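User: Please go through this model with me, one question at a time.

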Amino acid sequence: MCRGKGYLENYIQYFGETRILCPECNGQQYIDEVLQIKYRDRNIKQVLDMPFRESLDFFADSPFLYERIRLVCDLGLGYMQLGQPLSTVSGGEAQRLKLVREMGKYRNRKNLLYLFDEPTVGLHSQDVLRVLHVMKRIVESGNTVVMVEHDPEMILGSDHVIDMGPGAGRHGGRVMFCGSPFDLLKHRESKTADYLRSHLAPEG
């Protein structure tokens, strides 16, 4: 009835699209015959409901799955479920999931160019450092990463920075600086440099 979604979609005037639990599968997504099949005491629905961080131990004996799940966790997505619908994934999450897929396909290839638009939006500072670590692994493997980014840790961890300014929108559009983050910190006209210096300054 629900074609494996576990819910039915209805459109109600003034409320828009609503979802109700599928009365046939009761939200389980699969028929009883499929749910009776177990792997390590869990059926397919229970596996897909697991967060990635939990599934890391669950699939520890499968190198192919373990490597990809570990990369998802390294990118700060360990809280997501294995079977989470793509319609509930944010732009930043989608970018990082695509990165996992690409690294799985091309992990032995070099000279690839990866382009990212704000991959750290909405991330905790610890997760930002995880993303930075993965980006460095990509570069150390012989590839190039180019990103639009405003997070200070990502900027300071870059090899090369192109700073646009002096302001935003119609107040910007000029290349203010090109070079290493260390040299950017010395720049006196860049607002990005001011931002980075305040980030590095001790509190108080």
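User: Which residues in H4 meet which residues in H6?
Analyst: This is a predicted model, so local features need pLDDT of at least 70 and side-chain atom pairs count only at pLDDT 80 or more, while totals for chains, interfaces and linings use all residues. Residues are numbered from 1 along each chain as its sequence is written, and side-chain values use heavy atoms, without hydrogens and water. Helices (H or I, at least four residues) and strands (E, at least two) are DSSP runs numbered from the N terminus, and contact means heavy atoms within 4.5 Å. On those terms, Arg70, Leu71, Cys73 and Asp74 of H4 meet, in H6, Arg130, Val131, Val134 and Arg137.

User: How many residues of the contact of H4 with H6 are charged?
Analyst: The classes are nonpolar (Ala, Val, Leu, Ile, Met, Phe, Trp, Tyr, Cys and Pro), charged (Asp, Glu, Lys and Arg) and polar (the others, Gly among them). The contact of H4 with H6 has four nonpolar residues and no polar ones. The charged residues number four.

User: Is H4 parallel or oblique to H6?
Analyst: Two packed helices are described by the angle between their axes and the distance between the axes. The axes of H4 (residues 63-74) and H6 come within 8 Å and cross at roughly 125°; axes are lines fitted to C-alpha atoms, for helices over the stretch in contact, with angles from 0 to 180 degrees between N-to-C directions. Angles under 35 degrees count as roughly parallel, over 145 as roughly antiparallel, 65 to 115 as roughly perpendicular and the rest as oblique. H4 to H6 is therefore oblique.

User: Is isoleucine 138 buried or exposed?
Analyst: Isoleucine 138 is placed in helix H6. Leaving aside neighbours within four places in sequence, isoleucine 138 is in contact with Leu99, Met103, Tyr114, Asn143 and Val145. Buried means under 20% relative accessible area, exposed over 50% and partly exposed in between (1.4 Å probe, protein chains only), so at 3% isoleucine 138 counts as buried.

User: How many disulfides does a search of the whole structure find?
Analyst: A disulfide is a pair of cysteine sulfur atoms within 2.5 Å. The sulfur of cysteine 22, a residue buried at 1% relative accessibility, has its closest cysteine sulfur 3.7 Å away in cysteine 2, which is too far for a bond. Cysteine 178 counts as partly exposed, at 45% relative accessibility. The number of disulfides found is zero.

User: What is the omega of the peptide bond from glycine 165 to proline 166?
Analyst: Proline 166 lies in the loop between strand S5 (161-165) and strand S6 (174-179). The bond from glycine 165 to proline 166 is cis, with omega near 5°.

User: What is the phi of glutamate 118?
Analyst: Glutamate 118 sits in the loop between strand S3 (113-117) and helix H6 (125-140), and its relative accessible area of 18% makes it buried. Glutamine 29, in the loop between strand S2 (16-21) and helix H1 (32-35), has a positive phi near 75°. For glutamate 118, phi is also positive in a residue other than glycine, near 55°.

User: Which residues does asparagine 43 touch, not counting residues up to four places away in sequence?
Analyst: Asparagine 43 lies in the loop between H1 and helix H2 (44-48) and counts as buried, at 9% relative accessibility. Its C-alpha is separated by 41 Å from that of asparagine 111, 68 residues apart along the chain. With that sequence exclusion, asparagine 43 touches Leu35, Ile37 and Lys38.

User: Which residues is glycine 157 in contact with, leaving aside its neighbours within four places in sequence?
Analyst: Glycine 157 lies in the loop between helix H7 (152-156) and S5, and counts as buried at 17% relative accessibility. Outside its sequence neighbours, glycine 157 is in contact with Leu132 and Lys136.
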